[in-house]
Amino acid sequence: MYSCLAIANVPRDQGLAKEDVDFDSTWNTLSIAFQEIFAKNACKLSFEELFRNAYKLVLKKKQDMLYDRVVQLIETWLRDNVRMKIYSLITPALLADRLDQNATIQSEESRVAGERFIRALKDAFADHQLCTGMITDVLMYMDRMFAQEQKRPPTFAASMALFRTQVLNTPLHDDPTITVLSLLETVLLDMIRMERKGEIIDRPLVRACCYMLEGLYETFTEDEPSKIYLTSFEPKFLQASREFYATEGQTLLVEADASTFCTHATRRLAEEQERCQQTISQITEPKIKAVVEKELISAHIRDVINMEGTGVRNMLDNDKVQDLANVFELVARVDPRKTALKDVVKKRVIELGMEINNAANVIGDAAPTPKSAQKSGADGKGIQQEKALSQQTQAAIVWAEQILTLKAKLDRLWIEAFQKDTILEKGLENAFQDFININERSPEHLSLFLDEYLKRGGKDKSDAEVDTILDNGILLLQYLANKDTFETYYKRHMAKRLLMKKSVSREMERQMLSKMKMKIGNQFTQKLEGLIRDTETSDDLNMKYREYVNQLGDPDPKRVELDCRVLTTTIWPFETLSKSDDDGTRNECKFPAPVEQVRQRFQKFYLDKHTGRKLTWMPGLGDADMRATFTNGGKTRRYELHVSTYAMVILMLFNDLPPGDCLTFEQIAAETNIPKPELIRNLQSLSLVNRWRVLRKEPVSKDIKPLDRFFFNEDFTSQFLKIKVSVVAGGGGNRVENQEERRATQKRTEEERGIVIEAAIVRIMKSRKSLSHSQLMTETLAQISSRFQPDVNMIKKKIEALIEKEYLERGPDPAKPSYKYLA
């Protein structure tokens, strides 16, 4: 460091003689002083005297000569002293490895020589800056005059330019193609490359050299873009980085797994950020990051994502949250749309979803024999059918549970790894929609899943747990494309829950409908809400009926108690809840006399209150509690049986039968008028299941034939006093449909869709009066797509049907199809 005395401002005329100034002698004094400054002997100089001498020359208009002499002196000093000193440090060891384009390993001697060389250059520049600063202080007045005239650059700028031309840009004697600057840049790039490979370098030295390049300009105006750092070093640094990371990326693809690649790339980005902030220059940070993103990440990220055994598929399967977070961060840098990551995640989710679909359908495809085969004398597999249907129902419930488990897992990854990214959220939604709607049984499976947790008891789960599960079930409902099919199944299952009193509570049913209304709209839940209203109305009606019976003063203490549900025909799905005979006819059941008396009484009570209405009795949907007495060997055993209404009608036939007598299948059918499929199932339940075999069948077989005989089983015993007799083959609870039932449901759904499409077309045309064919198709599709995936051909057929019904007429121009509404 040099001490520099403060220089006072000297008035223009103070101490000056009128005679002219001797330029040569004055310059001789200044030049000797400037050389002493460069030689680091400035402590004995009088800076005030030097300033006065320079001031006199400028005052006498000698500033041009003074300026030229100063520039010449600095140029000579740099050429004869600084340059020679730098040249002396350029040894063969320094040049050997750097001139060899194929050299990949640098010798220790070459490394030491390189550091010695750039350190000397750094020190020379620092000395030159300091010395130039002192000289500039002496020539302050001259610079002020030139600044006013804007004729020449300041002394400091000129001196820095001379350092660039006389030191940095001078070629080497041995190789004119190499300059000191290019050798400096080569050494710096070698040091940065070594650091990238894990070696320790002298960071402050590299920083000082970069600072030197930032302080030197290509022009005297010293504009920011003309910095040598930006014009020379930075382009070479970025190009060397491109080559380095391109090579490293290829190597990593071969040698590393996906996790290692992403971790390494993330670390490289952090290293380059730190290097720019602490070693080279912060202005390079966005540029070098762009290089890493392009050469290391963008060029290889798709291969990394799809890497066999370790890519994103493996990360998803094994919940590797941090690895997925690294992949997401890298992808987000190079692709705002995250296309590669979204595609792989979506593909894997669909694969996992299809595995769930296939697992459920494997059991579902092992369907029981259709109903058409369940004929007397030809079908004895009711119990096996019940087991098969039970397995299918359980598979449907497991299907929904597994999808919810998958969704919970992916939601967690979306939050923790994908930072709640909206693009990936949409991709996940599309994936769930795709694989859920590929499974044609999804609406039925989802309805059965909800039915399982809406049944009374909810197994071993608390109310809060059940509520959470139902909320998740509603999320799956949003993914269904054919919501009308789900509505069909849900209405059927809900009707059975309410009629058979298996629901958790009506309040829970209301909450479920409220949740559905919030997610998919009010139109979906209107008919379902009617089921609950009818049930509540029936409760009030039964209460009034009991009051009516009490007012009649019936003296019979053993009278049959009736709890009747009056249901609205247009709301309840009777076509699926009740069974008919094989030929499609529906005959009225013949009730036992005590039951018939009660039925007639209720019918009179109801029709007296509601004139113009008709009651159609549906015993297939009811149940009964009976007291049964069994006597054998002088011992009497009494049980309470909970049976279907049809089973109650069958059992009461044996009340009037002498002991030991029997009834054949044909006799029972004639006496009860029960539909044959229902009669077969109920007789199988009463005579073939050991737990409640209250009837004895001869011959003993699983088949039910017209001449089979049935006896009251006096030998029946059970450890329970209350016995619930279930009907085989799904007569009671909700279950999956068999093939024939599914075809019937599909047929009804298609018919209902046709009505919905016609109604939508009429609404649109009534509002618009006239529309082109394409506009009508577009608006119709928009209106009905929220309920189901419409078939374009069906819409066209319904347009033709409405034309035939004279709701619409075609437009006048056949070349441009259009339609008009007919009021």
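**A sheet, a helix and a threonine**

Me: Before anything else, what kind of model is this?
Reply: It is a predicted model.

Me: And how many helices and strands are in the chain?
Reply: The chain has 31 helices and nine strands.

Me: Which strands form the open sheet, and in what order?
Reply: Three strands, in the order S1-S2-S6, with mixed pairing. S1 (623-632) and S6 (722-724) are the edge strands, each pairing on one side only. On average, neighbouring strands of this sheet are turned by 30° against each other, direction ignored.

Me: In what sense do S1 and S2 pair?
Reply: Antiparallel, over ten bridges. S2 covers residues 635-644.

Me: Which residue in S2 stands opposite Thr 629?
Reply: Arg 638.

Me: Which helix lies across S1 and S2?
Reply: Helix H26, residues 645-652. H26 runs at about 145° to S2.

Me: New topic. Where does Thr 284 lie?
Reply: In the loop between helix H11 (258-278) and helix H12 (285-298).

Me: Is Thr 284 buried or exposed?
Reply: Buried, because its relative accessible area is 0%, and the cut-off for buried is under 20%.

Me: What does Thr 284 touch, leaving out residues up to four places away in sequence?
Reply: Tyr 229, Glu 234, Phe 237, Leu 238 and Cys 276.

Me: Back to the whole chain. What share of the residues is buried?
Reply: Buried residues make up 48% of the 823 residues.

Key: Residues are numbered from 1 along each chain as its sequence is written. This is a predicted model: local features need pLDDT of at least 70, side-chain atom pairs count only at pLDDT 80 or more; totals for chains, interfaces and linings use all residues. Side-chain values use heavy atoms; hydrogens and water are left out. Two strands pair if DSSP finds at least two bridges between them. Helices (H or I, at least four residues) and strands (E, at least two) are DSSP runs, numbered from the N terminus. Axes are lines fitted to C-alpha atoms, for helices over the stretch in contact, and angles run from 0 to 180 degrees between N-to-C directions. Contact means heavy atoms within 4.5 Å. Buried means under 20% relative accessible area, exposed over 50%, partly exposed in between (1.4 Å probe, protein chains only).
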